[in-house]
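Please open the model in your viewer and keep the selection tool at hand. The stops below each begin with something to select.

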Amino acid sequence: MREVQVVTSREVPLGGPRAMTVRRTLPQRERSLVGAWCFVDHYGPEDVALSGGMDVPPHPHTGLQTVSWLFSGEVEHRDSGGVHALVRPGELNLMTAGSGVAHSEVSTPSTTVLHGVQLWVALPDAARHRPRGFDHHVPAPVAVDGGVVRVLLGTLAGATSPVPTHSPLLAAEIVLEPRATLALEVDPAYEHGLLVDVGPVGLEGTTLARSELGYVAPGAERLAVTNPTGAPARVLLLGGEPFTEPVLMWWNLVARTHEEIVALRADWEAGTERYGSVEGYAGTTQRLPAPALPGTRLKPRLAPPGPGDRSAWG
C-alpha cells in the first residue's frame, strides 16, 4: 500500500453579494498543488431555495485555467471572450484565462439543488500569456469492474479526453458500486489526489471522509480505491506531473512575482483591455472590486516538494 496524505477542507464564502459557502481543499498549508492543480472548491448539495444559489459577478483571472464540473444543478457562464455557456452535470467546461479574462457564474432559475466542484490549473510559463479561450466536452461513461469512469482531462481506464492541456494532467469522475474495489492503472510520473464527494472511500487502505483529499506521491503504477459502504460512492481523481515552476496566487490571479500581481490588480481596477468586459450579466454588482494588497511583499507559496520529499507533510 502507498502512503496517503489526508488533506482536509475548510469552509470559505464564495465572493460576491450573495456569497455561498464552499469547502476549499486546495491550497492548504500542508498541500498546495497536485500536479498543476492549484485550487479545489467543493460545494453542495445545496438547496438554492434556502441559500440563494450561486451569483458571482464578473471577476478577473490570469495565468490559469478554470475547470467547472457539476453533479447537479445548472450554472450560466459568461466571459469576456464572448462565451455564453451553461454548465450542466456530466459536462466539462474549461476556461483558459491566459494573460487575462473576466467571467461571471450564476446558477439558473431551474436549479433546485446545486452540487459540484470548481478547479483551477496553474499554467506554465510557456502558456500563461496565451489568449483567453474556452473548451466544452461531454465525456462518455466508461464501465470498469466495480464502477463507472468519466475522463475530463488526460487518460484513465483506456479513455482519453480530447481537451488539450498545457502540462501533463488527469481529471476523472469515478462512481463506485457498493462494496467495490477498483484497481486503477495510473501514470507513475504523476502525483495524484482523490477528492471524495460521496463516501467514505478508501485510498490505498486509508479512509477518506467526504470533502477530504488523499494525496499520493509519484511512483504509483496502480491505485486501489474502495467503497466500504452499501451505497454508491463518488470521487474525483486529479493528477499530474509535479509542477516545478514557482507560482504566486493572490485573490483570483496566478502570477510569478509580487510586481506582476501589483500590475495585474491595477489593470483590473482601471478597467483596462487586459480583462475585457462581460456582456449580459444581470446582477447589481457589475464588477467585483479587488481587495487591498497586504502590507508585506507577496511571495510564491505553491512550490511543491519533489518526489520523495515529505517536508510539506508537517
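Predicted model: local features only at pLDDT ≥ 70, side-chain atom pairs only at ≥ 80, totals over all residues.

Residues are numbered from 1 along each chain as its sequence is written, and side-chain values use heavy atoms, with hydrogens and water left out.

**The largest pocket**

Select Arg 24, Phe 39, Trp 120, Trp 251 and Asn 252, which lie nearest the centre of the largest pocket among the 27 residues that line it. A pocket is an open set of points on a 1 Å grid over the protein atoms alone, where a 1.4 Å probe fits, with protein on both sides within 12 Å along at least five of seven lines, and lining residues have an atom within 4 Å of a point. The volume of this pocket is about 570 Å³, a volume being the space filled by probe spheres set on the points, which are joined across faces, edges and corners.

Next, colour the strands that each supply at least two residues of this lining, among them strand 3 (21–26), strand 4 (37–47), strand 11 (113–122) and strand 25 (248–250). Strands (E, at least two residues) and helices (H or I, at least four) are DSSP runs, numbered from the N terminus. By residue class the lining divides into 16 nonpolar, six polar and five charged, where Ala, Val, Leu, Ile, Met, Phe, Trp, Tyr, Cys and Pro count as nonpolar, Asp, Glu, Lys and Arg as charged, and the others, Gly among them, as polar.

**The nonpolar cores**

Now select Trp 37, Val 67, Leu 119 and Leu 153, the residues with the most contacts inside the largest nonpolar core, which has 37 residues. Strand 4, strand 6, strand 9 (92–96), strand 11, strand 14 (147–153), strand 17 (169–176), strand 22 (213–216) and strand 24 (233–240) each supply at least two residues of this core, and its largest share, five residues, comes from strand 11. A nonpolar core is a set of buried Ala, Val, Leu, Ile, Met, Phe, Trp, Tyr and Cys residues joined through side-chain atoms within 4.5 Å; buried means under 20% relative accessible area, exposed over 50%, and partly exposed in between (1.4 Å probe, protein chains only).

Centre the view on Leu 153 and, leaving aside neighbours within four places in sequence, look for its contacts (heavy atoms within 4.5 Å), which include Trp 37, Val 67, Leu 92, Leu 94, Val 163 and Leu 169. Apart from this core lies another, of 27 residues, with Val 142, Leu 208, Val 225 and Leu 237 among them.

Go to His 192 in strand 19 (residues 191–198), which counts as buried because its relative accessibility is 1%. Beyond four places in sequence, His 192 touches residues including Val 34, Leu 170, Tyr 215, Leu 223 and Leu 237.

Then select Phe 71 in strand 6 (residues 64–72), which at 13% relative accessibility also counts as buried. Not counting residues up to four places away in sequence, Phe 71 touches Pro 89, His 115, Gly 116, Val 117, Glu 173, Asp 197 and Arg 234.

For the largest, of about 60 Å³, select the lining residues, including Thr 66, His 77, Asn 93, Met 95, His 103 and Phe 134. Strand 9 gives the most to this lining, with three residues. For the second largest cavity, with about 40 Å³ of space, select Tyr 43, Met 54, Ser 68, Leu 70, Val 75, Val 87, Glu 105 and Gln 118.

**Salt bridges**

Finally, show the charged side chains: the whole structure holds twelve salt bridges, each a side-chain nitrogen of Lys or Arg within 4 Å of a carboxyl oxygen of Asp or Glu. Select Arg 88 and Glu 74, which meet in one of 3.1 Å, N to O. Arg 88 is partly exposed at 35% relative accessible area, whereas Glu 74 is buried at 15%.

Move on to Glu 259 and Arg 297, whose closest N and O atoms are 2.6 Å apart; the pair links distant parts of the chain, with Glu 259 in helix 2 (residues 258–270) and Arg 297 in the segment after helix 2, 38 residues apart.
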